[in-house]
Amino acid sequence: MVLGFIGLLGSLALMIYLTMRGVNLLIAAPFAAFIAAILSGITIFPQLAAEGDPDFITSYMGGFTGFISSWWLMFLAGAIFGKVMEDSGAADSVSKWIIEKIGAKHAILAVVVACAVLTYGGVSLFIVAFSVFPMALALFKEANLPRRFIPAALALGSVTFTMTSAGSPEIQNWIPIQHLGTTPYAGWQVSLIVAIFMAVAGYFWLKWMVNRAVTKGEKFVAKETDNLDKAENRPLPSPLLSVLPLIVVLGFSFIFHERLGTSALIIALLGGIIMTYLISFKYMQNRDKAIAEGALGAVIAIANTAAVVGYGGVVKKTEAFLTTVDYMTNIPGSPLIGGAIAVAVLAGLTGSSSGGQSIALPLIAPHYLDMGVNPEQLHRVIAIASGSLDTLPHSGYVVTTITAIAQESHKDAYPAMGALTVIIPLLGTILAIILFSLGL
């Protein structure tokens, strides 16, 4: 068991270290999972495993391929949508309109709001980054802000105050429903206060970090892949028309979400792509190349994310992990505190907020409900807590956003992103527990 815990914590530390050092996650994740399996006594090959016992290859590939089979079409559509918005000039058009109306100093706010609208509209967290990145890139270029802060701005609007708020159609707000018998609007009064706190605190913290970097002489430095070397007089579609694809994505998500669930994203994103072609076909520069580049980007992004999911598939089979789950789900004291810690830690181990909830809730929900805990309060605290440690450096969302989409390094982009997506949600969780304890 001692070796098992060394394998559990050591493999996680190893994966974070390798990721921060720039090692490709497709190598770092299976290697870390292999170390965890070896130290936990898990058989490597399925042919050598006893009947009913786990093995490394089956566990890892089960998680890896399972994620791809569930999300590939969404990733593909989202990546192509983002590239088409970029190639058509629609992203530039919207960005320039925003700059003209509210000024370059509000570029960060514009990115955060765009992500928040799409996320709360039901667009997958992974897809939002694809969709908004082209606009963020253009905004940061116009405002001459350091490019490395784009992932932090995308994440602030996506995986903090919108992802876990009451009414959000994101899965992190829906998983507790089936275990607690609540609604998506559980604890909405406290949720509203916490969401405002996270949004305001996160925004001003990000502004402070960016301003400090600018003061030190940092500025926007384009990468070769940014495709920003365009003539200043390039004709662009109308900004009013250019925003229609985003509205279509948001509207279709609302319309079809209840009936089709996550599959509604496919219709919504396809609708956005078609609308982009309809309004700006003549403005496109490389139509075929945009689709090809989007597809390639989707492959890289989903492979990185699936690599971490595969790691979680192995770790979940170890005795050390099962012991950790048992301990975390039986923490003494306030059930709200215990539930928050259990979900946050498990989300950190799996690199997934939904993964942490899915493991913890079947165990803690019946126990806490029997104790008479208010299910709406537990729902909201667990939802908010799940969005904290899930974004450690090895998180699939973090790796996808930083390396695959923004093509930045963890060293440059993660400090700001981690501050906003780990510390701010942790403070939001504490605030929610305090407010519920006060009777709100």
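Predicted model: local features only at pLDDT ≥ 70, side-chain atom pairs only at ≥ 80, totals over all residues.
1. Start with helix α5, residues 107-120. Its end C-alpha atoms are 20 Å apart, which agrees with the 20 Å that 14 residues should span at 1.5 Å a residue. Of those 14 residues, 10 are buried, so α5 is largely enclosed by the rest of the structure. The buried residues are Ala107, Ile108, Ala110, Val111, Val112, Ala114, Cys115, Ala116, Leu118 and Thr119.

2. Next, look at how α5 meets helix α7, residues 150-158. The two axes come within 7 Å and cross at roughly 40°. The pair is therefore oblique. The crossing of α5 past α7 is right-handed.

3. Which residues of α5 and α7 meet? From α5 come Val111, Val112, Cys115, Ala116 and Thr119. From α7 come Ala153, Leu154, Leu156, Gly157 and Ser158. By class, this contact holds seven nonpolar residues, three polar ones and no charged ones. The α5 residues named here are also listed as buried.

4. Now turn to helices α15 (residues 335-350) and α16 (residues 353-370). Their axes lie 7 Å apart, at an angle of about 150°. An angle over 145 degrees counts as roughly antiparallel, so that is how α15 runs to α16. As α15 passes α16, the crossing is right-handed.

5. The contact between these two helices draws on several residues from each. On the α15 side are Pro335, Gly338, Gly339, Val343, Leu346, Ala347 and Thr350. On the α16 side are Ser353, Gly355, Gly356, Gln357, Ile359, Ala360, Ile364 and Tyr368. The contact divides into eight nonpolar and seven polar residues, with no charged residue.

6. Is His410 buried or exposed? It has 4% relative accessibility, so it counts as buried. Leaving out residues up to four places away in sequence, His410 touches Thr19, Met20, Pro393, Val398, Val399, Ile402, Thr403 and Pro415.

7. Val422 also sits in α19. Its relative accessible area is 10%, so Val422 is buried. Beyond residues up to four places away in sequence, Val422 touches Ser388, Leu389, Thr391 and Tyr414. Ile291 lies 131 residues from Val422 along the chain, and their C-alpha atoms are separated by 34 Å.

8. Check the backbone at two loop residues. Most residues other than glycine have a negative phi. Asn144, in the loop between α6 and α7, has a positive phi, near 60°. Asn144 is partly exposed, with a relative accessible area of 38%.

9. Gln407 also has a positive phi, near 55°. Where is Gln407 placed? It is in the loop between α18 (396-405) and α19. At 37% relative accessibility, Gln407 is partly exposed.

Technical notes:
Residues numbered from 1 in each chain as written. Heavy atoms only, no water. Axes fitted to C-alpha atoms, helices over the stretch in contact; angles between N-to-C directions. Helix = DSSP H or I, 4+ residues; strand = E, 2+ residues; numbered from the N terminus. Parallel < 35°, antiparallel > 145°, perpendicular 65-115°, else oblique. Left-handed = near helix turned anticlockwise from the far one by under 90°. Contact = heavy atoms within 4.5 Å. Nonpolar A, V, L, I, M, F, W, Y, C, P; charged D, E, K, R; others polar. Buried < 20%, exposed > 50% of the residue type's maximum accessible area, 1.4 Å probe, protein only. Expected span 1.5 Å × (residues − 1).
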